[in-house]
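The structure comes first, and a short tour follows.

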Amino acid sequence: MDLKTKTVTLAHGAGGKQTSELIREVFKAHFSNPYFTADDAAVLPGTDGRIAMTTDGFIVSPRFFRGGNIGKLSICGTVNDLACMGAQPLYMTCAFVIEEGFPMDQLEQIVSSMEATAKEAGVKIVAGDTKVAGKGQVDGVFITTTGVGRILDHADPSGSHAKPGDSVLVTGDIGRHGCCILLERDEYGIEAQVESDCAPLWNNVKAVLEQVPDVHVIRDATRGGVGTVLYEITEESGVGIELDREAIPVAPSVRGVTDMLGLDPMYLACEGTLVMIVPEEETQKVLEILRGMEHTQNAALIGHVTEAEKGRVVMRTAIGTRTYLPQPGNELLPRIC
Amino acid sequence: MCVGLSARVVRVSEGSALVDASGARRQVSAQLVPDLEPGDYVMVHAGAAIAKITEDDTKQADDLMEELLV
Amino acid sequence: MTDSVSMEKKNAVERAREIISDYHGPKLRIMEVCGTHTHEIFRQGIRSLLSEDITLISGPGCPVCVTPVSYIDEAVMLALEKGCTILTFGDLVRVPGSEKSLQTARGEGASVKVVYSPQDAEDYARTHPEEETVFLSVGFETTTPSSCIALKQAISDGISNFSLLCANKTMPAAYRAMMAATDAYLYPGHVCAITGLSDCRQMLELGMSGVVAGFTAPELLTALAVIVQKSKEGKPFLVNCYPRVVTEEGSPQARALVAEYMEPCDSMWRGIGLMADSGMDLKEAYAAYDARKKYALPRIEGREAKGCRCGEVLQGACIPQECPLFGKRCTPEHPVGACMVSSEGACSAFYLYQRRD
């Protein structure tokens, strides 16, 4: 990087010489590919079959956290949304809104991890936009990413495809991103080694779909966590879900933090953990594939889809009783007194 | 009414203790429980250790049922 | 709280479970006094194991539920009209006042911060000398000592921008008030960790049975089994089923600390009314740290929502489903009554964990 200024200024968003310089030195330097040109739009080759398209805005505080940063998150979020539809991520665009005075080296770091993450997921960033907002008008940097992917020929996962008897899996231990952010904000004086699970999962999904095309549902358990996603699926598919509470993987340190605050990890965000619902007979095969790959070693069978209790998620407890998993609702507040 | 968490004492210093629950650590007040030492288990509530405890509820359950059913 | 039950534990737990499932005899009413018990009993699905002859009543031991509407009104007034920063446990943020909750007030510009402990509140006050801060001091015998630790610290730090809005409560008056509603108490384990067993012994002298219970599934099951077995013997009993935490004498240090700064007072319990000597308030010597005096708060008459039967629910006089608002106008997202707002409240627990049709 060879920028003269150490921070982003309003001039970087004014469209003149400094804007070109920022794009050239920061964005183009990292997002270099034949489709990323100076023209007004990226021109892309046509593709056969169905395409999936998605967009997502990212505001996270703090911007840098154990296991990632807002840049990595902005790629993972969109890549994983596409992966959940069985779509190979092909192209992405990203739009930045940056606060005046934002440190250039931080921007460089964010963009650099976007590059690395996109590379891992095999997606090309083909267009971008930068706006600079006055001091105090945004909190540091906001990123919006949009992605397009090609859906694998035989894949057809959807939140409405869960069927009674299906197995419910998670691709890793739950709640790590939400817990990590909670700790980074340091509002409650708790320390624990918890790293965000933030990861692009296309390669993992692809490996599963290539051997088991008939995966019924794939959902990323981001905001609201696994609990929220499962309730969504029961609604969309018109089924019930029964979970085995003891089978749900939670890292001990995450458990320690949530116990301290009276929170339930079922509602904490994941950024690299998916819910997968598969035909029962494919369960072991899918688990084997996932457990053999990076990011999904802790994949686990946590329950199954039921005909009964439509619209509800039932928990089987350690003592063999059944209760409902509480419906997700409000802002997560620590429970103390 | 009173959410409690059992945790292990890691360090004790002037009226406060660093406690650990499965890797989650926090400084809590040790003013309500005298003579805490590293390795002790305590029940923590609202930022204070409220009792020195034995960690395991297994023996307690066994003893209670034993006594009850003689 | 860990959920796994090891193999050895299963024997004792299995037997306890059989006892509470197989009981047949005179109807047995058991009141779990403590809100955390209510929450865990629902979360563990323990109600489904009980014989038809056993009824569990969720009692008045959730500080959020028994805190009167006027208390929230006072906090909102401190935040919006007196410009104070409110420091509070997360539990209180969504409780509806006469007109608004602290959450609503925050939307209108009030400064409301959630803290993990009273000491954290004191710490905030010390590091933000430009703000006038008030900690919402609620809770029972377990929580009150922490408020006093914070006050002691504030005095030793010499800070003057920290005060308490007290609604601290003590259990014995409630134990006596609820006697007629139940045959045995499941005493709150963590209150007893502080008080020791003397309050329970006094109840025993009045002929009231009970056991002190812990909070894990094995602890709750064994405590309930002990009640069932002992009840058969036909005479009042008291058993400490939580000896790993609760001792005969409790924590004299905690009680001495509280006695230094606070004194008993009459206290208003939502749903029950005014009870003599059922609360703790700051002593006159610490008036400078009493938010009501410091900011000359007027006496506020809180308005309870019409039709809400929280009061009867707290006394075991009705179950949540019998309230006309339950699940309709009153839900955890839009609570009308206090028992719906706290996840430890009976209404919320019923709504979230139980079949409703």
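This is a predicted model: local features need pLDDT of at least 70, side-chain atom pairs count only at pLDDT 80 or more; totals for chains, interfaces and linings use all residues.

## Around Leu243(A)

Setting aside neighbours within four places, its contacts are Val168(A), Leu230(A), Ile248(A), Met266(A), Ile302(A), Gly303(A), Val313(A), Val314(A), Met315(A) and Arg316(A).

## The nonpolar cores

Leu243(A) belongs to the largest nonpolar core, a set of 226 residues. Within that core, Leu243(A) is one of the five residues that touch the most other members, alongside Phe96(A), Leu107(A), Met266(A) and Met276(A). Met266(A) is also on the contact list of Leu243(A).

Another core, of 35 residues, lies apart from the largest one. Its members include Ile319(A) as well as Val13(C), Leu50(C) and Phe237(C). As background, nonpolar side chains tend to be buried together in soluble globular proteins.

## Where chain A meets chain C

Here 29 residues of chain A are in contact with 39 residues of chain C. The area buried between the two chains is about 2,900 Å², and carbon and sulfur atoms give 52% of it.

What about polar partners across this interface? There are four residue pairs in polar contact, with both residues at pLDDT 80 or more, while the count of salt bridges is zero.

## The chain A side

Which elements of chain A supply at least two residues each to the side that touches chain C? They are α7 (252-261) and β14 (322-324). The most comes from α7(A), with four residues. Sorted by class, this side of chain A has 13 nonpolar, seven polar and nine charged residues.

Notes. Residues are numbered from 1 along each chain as its sequence is written. Chains are lettered from A and ligands numbered from 1 in the order in which they are written. Side-chain values use heavy atoms; hydrogens and water are left out. A nonpolar core is a set of buried Ala, Val, Leu, Ile, Met, Phe, Trp, Tyr and Cys residues joined through side-chain atoms within 4.5 Å. Buried means under 20% relative accessible area, exposed over 50%, partly exposed in between (1.4 Å probe, protein chains only). Contact means heavy atoms within 4.5 Å. Buried area is the accessible area (1.4 Å probe) that two parts lose on being put together, summed over both. A salt bridge is a side-chain nitrogen of Lys or Arg within 4 Å of a carboxyl oxygen of Asp or Glu. A polar contact is a pair of N or O atoms within 3.5 Å; within protein, one must be able to donate a hydrogen and the other to accept it, and residues adjacent in sequence count only if both atoms are side-chain atoms. Ala, Val, Leu, Ile, Met, Phe, Trp, Tyr, Cys and Pro count as nonpolar, Asp, Glu, Lys and Arg as charged, and the others, Gly among them, as polar.
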